[in-house]
Amino acid sequence: MKFDMTTLHESTPEQIDAAARHAADATPAWATSSGATRARLLRGLADAIEGAREKLVPLADGETGLGPGRLNGELDRTAFQLRGFADKAEQGDAFAFTEDEAVAGAPPAGRPRLARVRVPLGPVAMFSASNFPFAFSVLGGDTAAALAAGCTVVVKAHPGHPGLSREVMKLAQGVVKLQGLPAGVLGMVEGAGIEVGVRLVQAPQIAAVAFTGSFRGGRALEKVAQERPRPIPFFGELGSVNPIVPTPAVLGAQGPQLAQTLAASIALGAGQFCTSPGVIVVPRDAASQAFVDELVKALATQQPHGMLTPLIRTGFDRGVQGWGRHAGLRPLLSERAADGAAPRPFLAEVDAPDFIADASLHDEVFGPAALVVRVDDADQARQVLEAIGGSLTVTLWGFDGDEPPAAPELALVRAASQVAGRVLFAGVPTGVAVAGSQQHGGPFPSSTQPSSTSVGYAALDRFLRPVALQDAPAWLTRRAGVPV
């Protein structure tokens with residue numbers, strides 16, 4: 001992997017302001033565009049990155065070290081979701097239209113004629129993520145959803161893959177120009193310092209922010225968005241510990257296989273997935289102890305690749321060291337890797353009361369690290385989930401019978417639904433399908449808007465605002481939800 005600070009560019013304040021203005025100038029035309037026009041752009045963008053695969057994948061690998069196999073698959077996913085949002089635009093999902101006919105008489109029974117439509121929010125500032133240089137970057141899911149909703153987009157490129165970001169944006173702007181669309185439909189700013197992001201969020205033309213990144217960075221930008229003279233929505237994905245909660249029965253029956261699967265999930269992508277498992281909640285019994293022993297052995301054989309940037313590696317080391325200072329923590333696998341080398345997996349265990357009482361143990365350590373939390377029973381496992389507060393996912397193993405479980409386990413299912421945006425009953429959480437039923441966003445601290453998703457076609461909704469039209473003229477209602 002090569003991370004070269006000399007390749008970074010810093011957009012000037014004037015350039016950032018100009019990008020926001022150009023996005024605003026293009027908004028009237030793009031917001032009122034047809035579903036067919038939006039679909040044509042999204043499909044053109046998918047075709048462009050696929051056509052440049054032989055150039056883009058080596059460039060991405062040179063900057064991230066994620067490997068051609070992973071990156072080719074991610075490029076495929078990015079093209080898939082661009083085309084998926086194209087289909088949704090063409091089908092009119094952004095133009096949802098409901099109408100209530102007038103009812104004669106006095107209120108509350110009587111009412112005027114009402115139509116409910118949705119309008120695009122306006123220019124969106126989209127902050128790229130480090131860990132998915134295609135799927136959560138320049139032409140990732142947030143960009144695709146915003147464009148399908150009729151919003152123009154200003155991308156804040158991630159400094160972890162600047163050359164790739166510029167090349168993808170160059171391709172995208174070529175598609176925009178070829179299709180005769182306003183140049184401001186899609187723009188980009190870049191820079192490693194927080195000043196660039198702050199300036200973009202403060203730009204008066206920006207109407208919403210989509211962010212995937214660190215808790216600290218996200219909270220800082222959310223504060224900026226809320227302190228504007230006119231606050232704007234901030235859709236932030238900030239981090240998640242993604243608990244795994246197995247039953248003693250499933251560990252007794254499938255413990256060795258589950259340990260192998262879980263170890264691979266923890267180490268996948270050097271643990272740099274937002275859905276990487278970070279907490280494993282296990283009882284105190286023989287089957288669970290055998291599972292933990294197998295997990296330690298399986299993790300020890302994993303060979304994570306280097307992390308995306310030196311800053312991310314520093315954060316991982318600092319997080320593991322912070323855990324290690326906790327008096328109640330018992331290391332199970334702790335191998336110090338040399339500076340600059342690939343990280344080694346880290347695993348430790350802690351008793352549930354200590355975990356519940358110490359909020360610092362609930363924080364994500366971004367990388368191949370996890371905590372085993374020992375519980376006495378299902379009720380204590382529920383308390384662990386509630387202490388975590390908010391997570392993108394919770395995985396429940398052993399709850400997949402034909403009949404509902406007993407009351408304590410049923411309470412666990414209920415708690416999982418309260419703290420997570422996605423509850424799994426099989427498999428591991430790493431890997432998020434792009435589909436209409438997907439929910440990638442949970443209660444704080446995993447995201448700032450738990451009712452919205454950053455993966456799947458429901459992401460379209462975050463960039464649209466409902467408007468009621470009362471006694472609208474016929475020419476307006478005939479538009480069936482297409483904004484004017």
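## Helices α2 and α4

Axes are lines fitted to C-alpha atoms, for helices over the stretch in contact, and the angle between two axes runs from 0 to 180 degrees between N-to-C directions. In this predicted model, helix α2, residues 35-51, packs against α4 at an angle of about 170 degrees, and the two axes are 7 Å apart. Angles over 145 degrees count as roughly antiparallel. The helices α2 and α4 are therefore roughly antiparallel to each other.

On the side of α2, the contact is made by G35, R38, A39, L42, R43, L45, A46, D47, I49 and E50. On the side of α4, the residues are L75, T78, A79, L82, R83, F85, A86, D87, A89 and E90. Sorted by class, the contact of α2 with α4 contains eleven nonpolar, two polar and seven charged residues.

## Helices α4 and α5

Helix α4 (residues 68-90) also meets helix α5 (residues 141-149); their axes come within 9 Å and cross at roughly 15 degrees. That angle makes α4 roughly parallel to α5. The crossing of α4 past α5 is right-handed.

In this contact, Q81, L82, F85 and A89 of α4 meet G141, A144, A145 and A148 of α5. The classes here are six nonpolar residues, two polar residues and no charged residues.

## Residue N72 in helix α4

N72 belongs to helix α4. With a relative accessible area of 25%, N72 is partly exposed. Leaving aside residues up to four places away in sequence, N72 touches R53 and V57. The C-alpha atoms of N72 and F134 are separated by 9.5 Å, although these residues stand 62 residues apart along the chain.

Is helix α5 buried or exposed? Nine of the nine residues of α5 are buried, so this helix is largely enclosed by the rest of the structure. The buried residues are G141, D142, T143, A144, A145, A146, L147, A148 and A149. Just after α5, G150 takes a positive phi of about 95 degrees.

D142 is one of the residues of helix α5. Its relative accessible area is 5%, and D142 is therefore buried. Apart from residues up to four places away in sequence, D142 touches M126, A210, T212, S454, R462 and F463.

## Helices α3 and α6

A further helix pair is formed by α3 (residues 53-64) and α6 (residues 162-178), which pack at an angle of about 155 degrees with their axes 8 Å apart. As a result, α3 and α6 are roughly antiparallel to each other.

K55, L56, L59, A60 and E63 of α3 make the contact with P162, G163, L164, E167, V168 and L171 of α6. By class, this contact has seven nonpolar residues, one polar residue and three charged residues.

## Residue E409 in helix α14

E409 lies in helix α14, which covers residues 407-419. Its relative accessibility is 25%, so E409 counts as partly exposed. Beyond its neighbours within four places in sequence, E409 is in contact with A378 and F399. Between the C-alpha atoms of E409 and A52, which are 357 residues apart along the chain, the separation is 50 Å.

## Cysteines

How many disulfides does the model contain? A disulfide is taken to be a pair of cysteine sulfur atoms within 2.5 Å, and by this rule the count is zero. C151 has a relative accessible area of 1% and is therefore buried. C274, at 12% relative accessibility, also counts as buried, because buried means under 20%.

## Backbone features

Most peptide bonds are trans, and most residues other than glycine have a negative phi. A cis peptide bond, with omega of about 10 degrees, joins P107 and P108. P108 is placed in the loop between β1 (98-100) and β2 (114-120). The peptide bond from F444 to P445 is also cis, with omega near 15 degrees, and P445 lies in the loop between β14 (420-424) and β15 (464-470).

Which value of phi does N242 have? Phi of N242 is near 50 degrees, a positive value in a residue other than glycine. N242 is found in the loop between β7 (234-237) and β8 (244-246), and N242 is buried, with a relative accessible area of 0%. For A480, phi is likewise positive and near 50 degrees. A480 is in the segment after α15 (474-477). With a relative accessible area of 39%, A480 is partly exposed.

Notes: Residues are numbered from 1 along each chain as its sequence is written. This is a predicted model: local features need pLDDT of at least 70, side-chain atom pairs count only at pLDDT 80 or more; totals for chains, interfaces and linings use all residues. Side-chain values use heavy atoms; hydrogens and water are left out. Helices (H or I, at least four residues) and strands (E, at least two) are DSSP runs, numbered from the N terminus. Angles under 35 degrees count as roughly parallel, over 145 as roughly antiparallel, 65 to 115 as roughly perpendicular and the rest as oblique. A crossing is left-handed if the near helix is turned anticlockwise from the far one by less than a right angle, and right-handed if clockwise. Contact means heavy atoms within 4.5 Å. Ala, Val, Leu, Ile, Met, Phe, Trp, Tyr, Cys and Pro count as nonpolar, Asp, Glu, Lys and Arg as charged, and the others, Gly among them, as polar. Buried means under 20% relative accessible area, exposed over 50%, partly exposed in between (1.4 Å probe, protein chains only).
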